[in-house]
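Subject: Structure handover

Hi,

Here is the structure for you to look through. My notes follow below it.

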Amino acid sequence: MAKSLLKPDYIFESSWEVCNKVGGIYTVLSSRAKTLQEEMKDHIIFIGPDFWKESESPYFKEDKSLYAEWQWEAKEQGLKVRVGRWTVPGEPIAILVDFTPYFEKKNEIYTLLWQYYGVDSLHAYGDYDEASMFSLAAALVVESFYHWLTDGDFITESSAARASSLNIIYHANEWMCGLGALYINHEVPQIGTIFTTHATSIGRSIAGNQKPLYDYLFAYNGDQMADELNMQSKHSIEKQTALHVDCFTTVSDITANECKELLDKPVDVVLPNGFDNSFVPKGATFTRKRRAARRRLLEVANALLGEQLDDDTLIISTSGRYEFRNKGIDVFVEAMNRLLRDRDLEKKVVAFIEVPGWVGEPRKDLQERLQSGKHYDTPLEVPQVTHWLHNMSHDNVLSMMKYYDMHNRKEDNVKVIFLPCYLDGKDGIVNMTYYDIVLGNDLCIYPSYYEPWGYTPLEAVAFKVPCITTDLAGFGLWANKEFGHQGELEDGVKVIHRTDYNYSEVADMIKDTVAKFSSMTQKQIDDCRKAADALSKKALWSEFIKYYHEAYDIALRKAAARK
């Protein structure tokens with residue numbers, strides 16, 4: 001008979017990306033929040049850094065009445081917090097904490113961390129100090145809240161026993177929250193601790209430094225590589241947190257293998273990243289939004305290129321963080337260059353690279369053309385980019401296109417356009433959000449080399465856009481497992497086999513897949529879109545939340561044993 005799982009009464013979850021939209025972890029937490037909020041109604045509390053202080057945050061709505069007694073007590077203890085709601089589906093409680101007061105005690109904190117856990121902070125640089133001080137501040141918030149719950153004056157004698165047996169979880173995300181997890185472990189052992197690494201810092205660094213990660217993974221020593229790549233402190237906090245928390249987790253099987261080899265600690269549970277599709281438009285609204293997205297993308301392309309590309313044009317894109325090799329942006333450009341000369345291509349293609357670069361400002365000449373509403377038959381100068389960059393001559397995308405002589409000429413059937421900014425609806429050119437634009441694509445391409453999970457392909461299929469990814473992405477591996485075979489376009493996701501060394505074959509396979517898609521009938525395309533939609537339903541948080549319950553159970557049982 002299956003054992004019944006211990007359930008948390010409260011979950012505190014901290015991340016640098018709570019109410020702070022900087023990367024994929026924001027999507028993981030904010031999309032999962034609704035599912036946990038429905039289960040736990042205001043007993044799931046997210047903790048993030050307070051960058052806004054007194055000013056208005058676009059992701060946070062303060063509410064002084066939430067846990068008002070604790071708010072007063074926290075301020076008495078010297079904690080600078082604001083309590084409110086994260087403005088995402090489910091509107092969970094969020095606590096933003098000011099971590100700047102702890103910098104003056106930094107050396108003392110690092111000394112204790114070394115004494116208790118052997119964490120090397122001597123080689124810290126960059127964002128290490130900032131992240132660590134936030135991590136400590138988040139842990140102090142949890143400690144304060146825990147004591148308010150269990151020893152507060154408001155607790156009567158009859159409820160004291162119940163309060164002391166509360167099941168409480170502290171869930172820390174990424175090395176940035178490792179210090180806080182270790183603090184809770186040491187100071188409040190009654191709380192069950194979970195640590196999730198979404199990508200090991202050393203694995204990402206190995207991949208980003210052009211070293212072969214996968215074929216050689218078994219032979220790498222994580223500590224030695226950290227010395228070589230000047231990553232000692234980040235690697236040290238990540239490794240020691242993994243070794244000492246109650247439950248160590250990651251987001252995919254591929255990263256679980258990385259953790260075992262580089263951190264010397266197998267994960268206790270894999271927590272795949274789900275999706276909340278409540279904001280994906282339905283029916284007529286979807287059709288209207290798709291048309292609007294296509295119209296806008298083609299308007300931008302035509303104004304930039306001096307063309308009259310129509311709705312029969314194949315619109316494809318790649319997006320994500322600007323990690324040129326890790327995200328496969330290099331192989332995307334390579335594939336588009338090869339597609340230029342492919343005789344099997346039956347439609348014109350406009351390919352967008354939607355990756356935030358070191359953006360300067362939107363192009364005035366492009367804005368003027370878009371505002372005029374006229375048709376133009378001459379391209380603008382530098383017709384490869386929608387916004388001026390601070391480093392035009394050193395940008396990887398533009399340099400590679402220049403190297404391949406890809407200048408979006410009239411006679412070229414494949415046009416590549418770099419959209420180097422966050423699509424937040426206020427970029428000055430497209431002026432639509434990413435989720436309002438992604439559904440306008442015919443095909444999305446994410447040929448990642450290093451991708452622990454891969455939200456971009458999951459988002460694409462949720463918006464019924466078939467996509468291409470690789471089996472070096474956690475999502476690609478999961479899709480293959482669901483299909484029972486290597487994913488094909490007809491499955492909604494084409495999963496390309498990628499290794500350390502087959503860059504050229506991957507580029508060719510992308511080229512061939514786009515050419516094949518260009519010759520499909522409308523019925524075949526519709527079938528691909530339906531298959532993509534069906535796969536996305538299997539990756540909803542309602543399907544994946546069970547893995548979190550397993551992690552909570554592991555952590556709570558270890559905490560109970562300590563009590």
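I468 stands opposite K494 in β17. Strands β16 (residues 467–470) and β17 (residues 493–496) run parallel, joined by 4 bridges; strands pair if DSSP finds at least two bridges between them. From β16 the chain crosses through helix α17 (residues 474–483) to β17, and this β-α-β crossover is right-handed. Right-handed means that, with the strands pointing away from the viewer, the path from the first strand over the helix to the second runs clockwise. Helices (H or I, at least four residues) and strands (E, at least two) are DSSP runs, numbered from the N terminus.

This is a predicted model: local features need pLDDT of at least 70, side-chain atom pairs pLDDT 80 or more, while totals for chains, interfaces and linings use all residues. Residues are numbered from 1 along each chain as its sequence is written, and side-chain values use heavy atoms, without hydrogens or water.

β16 also runs parallel to β15 (residues 443–445), with 2 bridges. Here I445 stands opposite I468. The β15-to-β16 crossover goes through helix α16 (residues 455–462) and is right-handed. Within β16, C467 and T469 point one way, I468 and T470 the other, and all are buried (under 20% relative accessible area; exposed is over 50%, partly exposed in between; 1.4 Å probe, protein chains only).

Next, the aromatics. The whole structure holds 39 aromatic pairs. Rings of Phe, Tyr and Trp (its six-membered ring) pair if their centres lie within 6.5 Å; planes under 30 degrees apart count as stacked, over 60 as edge-to-face and the rest as tilted. W52 and Y59 are edge-to-face, with ring centres 6.4 Å apart and planes at 70°. W52 is buried at 17% relative accessibility. Y59 is partly exposed at 22%. Y214 and Y449 are also edge-to-face, at 5.3 Å and 75°. Y214 lies in the loop between α7 (201–208) and α8 (222–228), and Y449 in the loop between β15 and α16, so the pair ties together parts 235 residues apart in sequence. Both are buried. Ring pairs also link a cluster that includes W16, Y26, F46, W52 and Y59.

Last, the lining of the second largest pocket. Which helix supplies its largest share? That is α11 (283–305), with 11 residues. By class, the lining has 9 nonpolar, 7 polar and 16 charged residues (Ala, Val, Leu, Ile, Met, Phe, Trp, Tyr, Cys and Pro are nonpolar; Asp, Glu, Lys and Arg charged; the others, Gly among them, polar). A pocket is an open set of points on a 1 Å grid over the protein atoms alone, where a 1.4 Å probe fits, with protein on both sides within 12 Å along at least five of seven lines; lining residues have an atom within 4 Å of a point.

Best wishes
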